[in-house]
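Here is a short note for your first look at this model. Keep the viewer open and check each point as you read.

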Amino acid sequence: MFVKPAPGRSARWPGTLRLLEAEGANVPETDFWLRCLARGDVEKATPPAQPAPTPTTKPDGASA
């Protein structure tokens with residue numbers, strides 16, 4: 001599930017204790033993250049849209 005910190009709140013990744021980024025992250029749907037969600041430390045969010053990949057073109061005269 002994709003979550004981000006609720007306004008004025010923060011959450012740390014279990015194990016590493018690093019802060020969850022303000023932009024949010026995909027996290028496993030474990031008891032830990034579900035408790036953070038229930039406490040209001042994080043909120044479900046929509047992941048940012050991935051930019052469309054730019055097509056790669058071969059330079060003129062290149063053989064395939």
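The points below cover the sheet, the aromatic rings and one backbone angle in this predicted model.

1. Strand 1 covers residues 2–5, and two bridges join strand 1 to strand 2. These two strands run antiparallel. To find the place in the viewer, pick Phe 2: Asn 26 in strand 2 stands opposite Phe 2.

2. Turn to the aromatic rings. How many aromatic pairs are there? The count comes to two. One is formed by Trp 13 and Trp 33. Their ring centres are 5.2 Å apart, with 75° between the planes. That angle is over 60 degrees, so the pair counts as edge-to-face.

3. Where do these two residues sit in the chain? Trp 13 lies in the loop between strand 1 and strand 2, while Trp 33 belongs to helix 1 (residues 31–39). The pair therefore ties together parts that are 20 residues apart in sequence.

4. Are the two Trp residues buried or exposed? Trp 13 has a relative accessible area of 15% and is buried, because the cut-off for buried is under 20%. Trp 33 is at 2% relative accessibility, so Trp 33 counts as buried as well.

5. Phe 32 and Trp 33 also form an aromatic pair. Here the centres are 4.9 Å apart and the planes are at 85°, again edge-to-face. Phe 32 has a relative accessible area of 24%, so Phe 32 is partly exposed.

6. Last, check a backbone angle. Most residues other than glycine have a negative phi. Leu 17 is not a glycine, yet its phi is positive, at about 65°. Leu 17 is found in the loop between strand 1 and strand 2. With a relative accessible area of 53%, Leu 17 is exposed.

Methods. Residues are numbered from 1 along each chain as its sequence is written. This is a predicted model: local features need pLDDT of at least 70, side-chain atom pairs count only at pLDDT 80 or more; totals for chains, interfaces and linings use all residues. Side-chain values use heavy atoms; hydrogens and water are left out. Two strands pair if DSSP finds at least two bridges between them. Helices (H or I, at least four residues) and strands (E, at least two) are DSSP runs, numbered from the N terminus. Rings of Phe, Tyr and Trp (its six-membered ring) pair if their centres lie within 6.5 Å; planes under 30 degrees apart count as stacked, over 60 as edge-to-face and the rest as tilted. Buried means under 20% relative accessible area, exposed over 50%, partly exposed in between (1.4 Å probe, protein chains only).
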